[in-house]
Amino acid sequence: MPFANFKLPEAALSTAQKADLAHRTTELLVGHFGEHARAHTMVLIEEVRDGSYTRADEVFVVPDAYRAKD
């Protein structure tokens, strides 16, 4: 079963953008594994709260300008 796991900053993508990401990822995996894999492909999008991860040894917070607008 193909499986893709995305960990993204909370509110970085809108609901529609997450759906599009899942669809495109599924299409990519079906392109590699064949149409029979579609029914078994899982895409998991996990949102990580601000302050729950670091970048360059600093706690990361997404600036408001980069947050998705639903």
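Guide: Before we start, one term: a polar contact is a pair of N or O atoms within 3.5 Å. Also, this is a predicted model.

Visitor: Good to know. Which backbone oxygen does the side chain of T41 reach?

Guide: The side chain of T41 reaches the backbone oxygen of A37, at 2.8 Å. That lies within the 3.5 Å cut-off for a polar contact.

Visitor: And where is T41 found?

Guide: T41 is in the loop between helix 1 and strand 2.

Visitor: Is T41 buried or exposed, and why?

Guide: T41 has a relative accessible area of 15%. Buried means under 20%, so T41 counts as buried.

Visitor: What is T41 in contact with, leaving aside its neighbours within four places in sequence?

Guide: With those set aside, T41 is in contact with P2, T26 and L29.

Visitor: Tell me about P2, then. Where is its place?

Guide: P2 sits in the segment before strand 1. P2 is buried, with a relative accessible area of 12%.

Visitor: What does P2 touch?

Guide: Not counting residues up to four places away in sequence, P2 touches L29, F33, A37, H40, T41 and M42. There is a C-alpha separation to mention as well: P2 and A39 are 37 residues apart along the chain, and their C-alpha atoms are separated by 9.8 Å.

Visitor: Let's step back. How many helices and strands does the chain have?

Guide: The chain has 1 helix and 4 strands. Read along the sequence, they follow the pattern β-α-β-β-β. The radius of gyration is 15 Å, well over the 11 Å that the globule rule gives for 70 residues, so the chain is more spread out than a compact globule.

Visitor: What does the C-alpha trace span along its principal axes?

Guide: About 40 × 30 × 15 Å.

Visitor: And what share of the 70 residues is buried?

Guide: Buried residues make up 16% of the 70. As for contacts between residues at least 6 apart in sequence, 67% of them join residues at least 24 apart.

Visitor: Okay, on to helix 1. What should its residues span?

Guide: Helix 1 has 19 residues, and at 1.5 Å a residue they should span 27 Å. The end C-alpha atoms are 27 Å apart, which agrees.

Visitor: Which residues are buried in helix 1?

Guide: T25, T26, L29 and V30 are buried in helix 1. They cover an arc of only 135 degrees around the axis, so they are on the same side of helix 1.

Visitor: What covers those buried residues?

Guide: The cover includes strand 1 and strand 2. On the face of helix 1 turned away from its buried side, you'll find the exposed residues A16, R24, L28, G31 and H32.

Visitor: What follows helix 1?

Guide: Helix 1 is followed by G34, whose phi is positive, near 100 degrees.

Visitor: Which residue has a positive phi of about 70 degrees although it is not a glycine?

Guide: That's A11. Most residues other than glycine have a negative phi. A11 is in the loop between strand 1 and helix 1, and A11 is partly exposed at 27% relative accessible area.

Visitor: And what is the phi of D57?

Guide: D57 has a positive phi of about 65 degrees, and D57 is not a glycine either. D57 lies in the loop between strand 3 and strand 4, and D57 is exposed, with a relative accessible area of 76%.

Visitor: Where is A65, by the way?

Guide: A65 is in the segment after strand 4. A65 counts as exposed, at 71% relative accessibility. The C-alpha atoms of A65 and A12 are separated by 9.9 Å, and those two residues are 53 apart along the chain.

Visitor: Last one: how many aromatic pairs are there?

Guide: The count comes to 1 aromatic pair. Y53 and F60 form it, and the pair is tilted, at 5.4 Å centre to centre with 45 degrees between the planes. F60 counts as buried, at 16% relative accessibility.

Conventions:
Residues are numbered from 1 along each chain as its sequence is written. This is a predicted model: local features need pLDDT of at least 70, side-chain atom pairs count only at pLDDT 80 or more; totals for chains, interfaces and linings use all residues. Side-chain values use heavy atoms; hydrogens and water are left out. Rings of Phe, Tyr and Trp (its six-membered ring) pair if their centres lie within 6.5 Å; planes under 30 degrees apart count as stacked, over 60 as edge-to-face and the rest as tilted. Buried means under 20% relative accessible area, exposed over 50%, partly exposed in between (1.4 Å probe, protein chains only). Helices (H or I, at least four residues) and strands (E, at least two) are DSSP runs, numbered from the N terminus. The expected span of a helix is 1.5 Å times one less than its number of residues. The arc is that of the directions from the helix axis to the C-beta atoms. Contact means heavy atoms within 4.5 Å. A polar contact is a pair of N or O atoms within 3.5 Å; within protein, one must be able to donate a hydrogen and the other to accept it, and residues adjacent in sequence count only if both atoms are side-chain atoms. The radius of gyration is taken over C-alpha atoms; the globule rule is 2.2 Å times the number of residues to the power 0.38.
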